[in-house]
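Have the structure open as you read.

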Amino acid sequence: MNGGQFEGRPFLLHPSQAFKLGNIFGWLRADGTRRFRRAYIEEGKGNGKALSLDTIIPTPEGWKLMRDLRAGDRVFDENGKPCNVTGATEVMQNHDCYLLRFSDGAEVVADADHLWVTSALRTGGAKGPKRADAPRKGKPAIRTTSEIARTLTVPASGSKHPQAKWNHRVAIAGPLTLPDVDLPIPPYTFGAWLGDGNSADARLTVAYADWAVVEAIKAEGVEVQERAKHSGTTARVILGSNGRSQAARNGSMQARLRTLGVLGRKHIPDIYLWAGESQRMALLQGLMDTDGTIATGGQSELTLCCERLAADAIKLIRSLGFKPTMTASPSVLNGRQVGTRYRIQFWAYANRPIFKMPRKAARQRQEPKTRSLSRGRMIVACDPVPSVPVRCISVDSPSRMYLAGEHLVPTHNSPFIGGVGLYGMMADGEPGAEIYAVAAHRDQAKILFNDAVSMVEQSPDLKSRITMSGGPGRRYNMAWLKTSSFFKPLSRSAGKSGSGLRPHFGLADEMHEHPNRDAVEMIERGFKFRRQPLLAMITNSGTDRNSICWEEHEHAVRVAAGNPDAKDDDPAYLGVPIDDTTFSFVCSLDPGDDPLNDRSCWAKANPLLGVTITEDYLADVVAQAKAIPGKLNGILRLHFCVWTDAEAAWMTRAVLEPCLADFDPAIHHGKRVSQGLDLSQSRDITAKACVVETGSVPVTVIVEGEPVVVEKPTYDAWIEAWTPGDTLAARAARDKAPYEVWVREGHLQAPPGQSIRFDHVAQSLADDDRDFDIGMVGYDRYAFRRFEEEVHQLGLAINFVEHPQGGTKKGKPTPAMIAAAKAEGKEPEGLWMPGSLRALEEAMLERRIRLKTNPVLISAIMSAVTDQDRWENRWLAKERAANKIDAAVALVMALGVAMAPQTPAFDPMAMIG
């Protein structure tokens with residue numbers, strides 16, 4: 001298997017890697033078979049095929065640097081479709097690095113082992129018949145950077161090719177798939193203004209022969225008024241006229257241009273560059289109809305005199321899947337140079353019209369049936385450069401490819417476990433070996449399988465031995481016919497019964513993403529037919545403690561620790577394994593380790609510390625974890641192998657714990673109390689939060705860039721919580737939460753029944769009404785109708801105000817809110833989660849709120865995450881059903897109510913409906 005990229009080079013393993021492989025494949029039983037039939041390996045990502053940290057990567061949210069990408073981020077595949085980042089390595093040092101230059105001007109710095117999909121346009125092979133698997137002109141294959149450097153050109157081959165030729169061609173990416181957005185100016189209109197508009201206002205110069213431009217603008221709903229002739233052949237028009245005065249007509253469109261920041265400095269704002277494909281195409285059509293031309297041969301050209309606009313136009317054209325090139329030359333008027341003109345040339349065919357003007361669109365040719373040179377770029381240099389820090393990401397695109405650099409160059413990644421599968425098929429001495437890449441869904445299983453396919457396709461030795469099924473990019477099986485063995489992807493749904501499967505190896509990558517045990521059980525049921533089968537499970541630490549991954553993690557930890565019943569004073573029991581068939585390699589910290597404040601524990605979770613990851617890098621991410629609460633859990637999980645409560649926690653313990661206090665709510669007897677009520681029915685927790693304002697403290701805030709001291713209120717808060725008593729034990733086991741302990745200690749109430757008894761909750765309001773002055777109670781609509789019946793039966797006169805839990809709707813304002821808004825000359829707004837959430841965050845960060853210690857509330861806060869919309873309005877959410885965040889939601893609503901103008905008491909039945 002040491003062919004292809006490793007031909008003639010030793011394959012060197014780090015001691016931790018040698019330890020894993022040496023144990024799995026080198027520890028034998030007395031009968032000569034392998035000891036281990038299962039392997040569970042949990043560690044952070046530390047190796048990869050890497051790019052420079054400064055490489056810019058296009059994402060659906062805009063440009064990001066390679067250094068900033070994390071698991072869960074989105075990038076684009078080679079077809080322009082969004083895909084997910086499934087993993088990211090640490091920063092790696094001292095790799096051999098190369099600078100790759102492409103024929104369209106793109107430059108990328110990558111390490112020697114980074115993978116690229118290239119077509120060898122000139123193979124340099126001998127003429128005549130070739131083997132079926134021999135390289136052919138134009139056939140794509142995966143190659144490393146160092147391999148490209150060695151085969152950059154094909155040597156001169158006689159009179160036909162008197163000079164060396166560039167050898168490697170990389171395809172142009174497809175158009176980026178992005179959602180449509182709300183644009184301040186319709187895209188074609190904006191493109192036409194960028195091309196022929198007056199830089200100072202909303203005027204546009206249009207030739208009468210090109211009046212189709214005006215018609216296209218009108219088709220977008222923009223009114224156009226001709227104001228004056230510019231010459232006998234051209235007119236000046238004003239965009240955005242709507243029947244009012246000329247100044248108003250001009251100002252409406254001009255105000256939008258001013259808001260975009262394009263008056264006096266034409267450019268394409270990001271909102272247009274990252275708009276939907278049809279919107280970007282309309283913008284390009286506006287530019288091409290005004291400042292573009294097309295030759296009789298079909299090549300298009302856009303000529304601009306503004307360097308920044310030209311640079312933006314290049315980005316726009318690339319994002320639509322074209323290959324533009326740009327040249328600059330003097331712009332001459334009456335024999336005198338007056339500036340520089342920028343000529344952007346590219347090919348576009350009739351199936352994707354870049355003009356709306358009929359006379360120009362008519363010149364677009366049909367796309368040729370043979371491969372067009374406009375669909376690829378040549379690698380024209382691959383030169384060694386001084387080593388720079390590099391990093392790699394893995395993605396879940398079917399091809400494992402993603403786009404890199406401002407030129408949107410497709411590049412590749414490949415994990416290691418695929419090589420283990422190839423070893424099991426070819427080199428493990430097992431006749432008829434069946435190797436399966438397993439996952440819950442076939443597409444997910446193909447990710448790992450495609451990695452193994454990539455390894456084969458880059459190794460001439462393996463390609464000559466392995467028989468592939470399916471065409472390029474659509475492989476579904478690899479066979480080693482010599483021993484009737486095969487390797488294929490398999491999903492849980494493809495073999496629910498496990499009937500007929502006789503697996504030799506089962507490979508389960510990213511175990512923390514498996515939703516259940518079905519895929520693994522399907523493989524292990526077939527192991528009875530094999531002498532030395534292997535189930536290899538590879539993963540990062542996760543967040544779901546109800547998952548198969550957590551179960552395997554716990555089992556692996558017990559295996560590594562030995563017999564859990566061993567006694568210190570009985571050496572005969574020490575080190576006795578509880579499962580002699582499982583190899584476990586779990587990187588983790590010890591109890592009491594504090595990676596945020598103690599560097600000495602970092603090596604426990606990072607076996608390659610000092611090799612592929614530096615202490616300086618970990619110090620940087622630790623600083624981020626301390627400064628940004630939302631990043632803490634992700635950093636602990638990815639860098640320190642900590643199983644966290646949530647993927648990205650809303651609040652950290654460092655912020656929460658100073659707010660916790662033991663106090664008796666009775667100290668506020670008779671005071672005004674505001675409440676939030678989060679109702680549930682059968683499974684969740686119903687929570688009521690109470691908030692009392694206790695005074696104020698001075699707080700320094702920044703106003704218009706200057707520090708200002710203001711008085712802000714302080715609060716005390718506490719919660720009550722209920723859950724169905726009849727299902728308590730079952731749900732405690734399922735959710736892995738100590739509900740029974742919380743009930744026993746008085747933190748959680750569990751009245752009999754299989755659903756929440758709302759009469760108990762209503763009675764608690766009656767008790768509060770007796771002991772406090774209830775101002776308002778915020779509620780979410782869910783189940784409130786049934787609850788209000790209980791309130792009505794008790795005859796309570798309490799102010800209820802709707803407080804939606806999400807971020808898309810605001811509750812109806814109360815009369816007091818309306819009056820307060822009118823007094824300030826504002827539009828009245830109801831309560832909503834983003835505003836209340838910000839208020840609670842500020843109060844906790846500024847330590848202006850005391851929370852009565854309650855494990856139900858603490859668990860809710862630590863399990864909560866946030867969702868947000870495109871305007872960064874945020875609200876609380878949970879990652880899985882087992883996370884109970886109801887108490888935190890109730891607390892947010894209660895504080896929002898406490899900060900809102902209060903309404904005098906009235907009958908709740910008058911408010912509802």
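Two residues are in contact here when they have heavy atoms within 4.5 Å of each other. By that rule, and leaving aside residues up to four places away in sequence, Ile-354 touches Met-281, Leu-284, Gln-285, Met-288, Ser-300, Phe-322, Phe-346, Ala-348 and Gln-364. Ile-354 also belongs to the largest nonpolar core, which has 58 residues. Phe-190, Ile-217, Ile-268, Leu-284 and Phe-322 join Ile-354 as the residues with the most contacts inside that core. A second, separate core of 47 residues includes Leu-656, Tyr-715, Ile-885 and Ala-888.

Now for a pair of strands. Strand β27 (residues 467–469) runs antiparallel to β28, and three bridges pair them. Met-468 sits opposite Met-478 of β28. Within β28 (residues 477–480), Asn-477 and Ala-479 point one way, Met-478 and Trp-480 point the other way, and all are buried. In a regular strand, side chains alternate between the two faces of the sheet.

How far can you trust the details? This is a predicted model. The mean pLDDT of the protein chain is 80, and 79% of its residues reach 70 or more.

Two stretches call for care:

| Stretch | pLDDT | Contacts beyond four places in sequence |
|---|---|---|
| residues 131–135 | under 50 | seven contacts |
| residues 905–913 | under 50 | 20 contacts |

Where pLDDT is low, the predicted coordinates should not be read in detail.

How values were computed
Residues are numbered from 1 along each chain as its sequence is written. Side-chain values use heavy atoms; hydrogens and water are left out. Buried means under 20% relative accessible area, exposed over 50%, partly exposed in between (1.4 Å probe, protein chains only). Helices (H or I, at least four residues) and strands (E, at least two) are DSSP runs, numbered from the N terminus. Two strands pair if DSSP finds at least two bridges between them. pLDDT is the predictor's confidence in each residue, from 0 to 100. A nonpolar core is a set of buried Ala, Val, Leu, Ile, Met, Phe, Trp, Tyr and Cys residues joined through side-chain atoms within 4.5 Å.
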